[in-house]
Amino acid sequence: MNWILVNDRPIYIQLTEQITQYIVAGIFKPGTRMACVRDLAADAGVNPNTMQRAMAELERNGLVKTHRTTGRMITEDMEMLNNIRNELAGARVAEFLDGMKTIGFSPKEAAALLTQRAEAMEDKKEGQTA
C-alpha cells in the first residue's frame, strides 16, 4: 500500500480514512480477511497500537468486524460501501468547487473544464492502447 501520513492530524484518523478509501475502491475486497494489525502497521510504518486504534474505529463504523477464529473481515454490506463512496466523492467535489471558486470559476465553468479534461484524458488513454 501507498500510505501517505502527515503531521497535521492524528495518524490513526489518517489510517482510518485511507483504509476506508481502500475498502470502497475495492483494493481491500468486501468479505475478505484483513491483514493482521502488526503487518498493516509495519507496512504503514506506524506503531501497532496506532493501527489498532484505526482498526477499532473502522469496526465502530461497521466497515470491519472481528471474528474470534478468523480475524477481521471487511463488510459485505454493499449498500453501506456505496453510501460511503458517494459521501467521499461528494466531499471531494465540494472541495474542488470551492477551490475553483477561489480562482474565479463558477460551478458551471468548473464542470465544463472538468468534462473537457476528462475527455482529453480518455482520448489520450485510447491513443495509448491503439
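Here are legends for some close-up views of this structure, which is a predicted model.

**View 1. A look inside: the largest nonpolar core.**
This core has 23 residues, and among its members Trp-3, Ile-19, Ile-23, Met-34, Met-51 and Met-55 touch the most other members. Which elements give two or more residues to it? They are α1 (11-24), α2 (37-44), α3 (48-60) and α4 (78-102). The biggest giver is α1, which puts in 6 residues.

**View 2. Val-24, a buried spot in helix α1.**
Go to helix α1 and you'll find Val-24 there. Is Val-24 buried or exposed? Its relative accessible area is 17%, and buried means under 20%, so Val-24 counts as buried. Now pick out Gly-45, which sits 21 residues from Val-24 along the chain. The C-alpha atoms of Val-24 and Gly-45 are 23 Å apart.

Side chains of opposite charge can pair when their charged atoms come close. Here Asp-8, Arg-9 and Glu-17 are tied together in a network of salt bridges. In one link, Asp-8 pairs with Arg-9, and their closest N and O atoms are 3.9 Å apart. In another, Arg-9 pairs with Glu-17, with 2.9 Å between the closest N and O atoms. How open to the outside are these residues? Asp-8 is exposed, because its relative accessibility is 59% and the cut-off for exposed is over 50%. Arg-9 comes in at 36%, so it is partly exposed. Glu-17 is also partly exposed, at 34%.

**View 4**
How many salt bridges does a search of the whole structure find? The search turns up 4, and this view shows the one between Arg-60 and Glu-57. Their closest N and O atoms are 2.5 Å apart. Both residues lie in helix α3, and they're 3 residues apart, which is about one turn of the helix. As for accessibility, Arg-60 has a relative value of 61% and counts as exposed. Glu-57, at 21%, is partly exposed.

Leu-114, for its part, is found in helix α5. With a relative accessibility of 47%, Leu-114 counts as partly exposed.

**View 3. A cluster of negative charge.**
On the surface, Glu-119, Glu-122, Asp-123 and Glu-126 gather in a patch of negative charge. Where does Asp-123 lie? You'll find Asp-123 in helix α5, which covers residues 107-129. Is Asp-123 buried or exposed? Its relative accessible area is 53%, and exposed means over 50%, so Asp-123 is exposed.

Methods. Residues are numbered from 1 along each chain as its sequence is written. This is a predicted model: local features need pLDDT of at least 70, side-chain atom pairs count only at pLDDT 80 or more; totals for chains, interfaces and linings use all residues. Side-chain values use heavy atoms; hydrogens and water are left out. Patches are made of residues with over 30% relative accessible area and no salt bridge: like charges are joined within 9 Å, nonpolar side chains (Val, Leu, Ile, Met, Phe, Trp, Tyr) within 5 Å. Accessible areas come from the Shrake-Rupley method with a 1.4 Å probe; for residues, only the protein chains shown count as cover. A salt bridge is a side-chain nitrogen of Lys or Arg within 4 Å of a carboxyl oxygen of Asp or Glu. Lys and Arg count as positive and Asp and Glu as negative; His and the chain ends are not counted. The place of a charge is taken as NZ of Lys, CZ of Arg, CG of Asp or CD of Glu. Helices (H or I, at least four residues) and strands (E, at least two) are DSSP runs, numbered from the N terminus. Buried means under 20% relative accessible area, exposed over 50%, partly exposed in between (1.4 Å probe, protein chains only). A nonpolar core is a set of buried Ala, Val, Leu, Ile, Met, Phe, Trp, Tyr and Cys residues joined through side-chain atoms within 4.5 Å.
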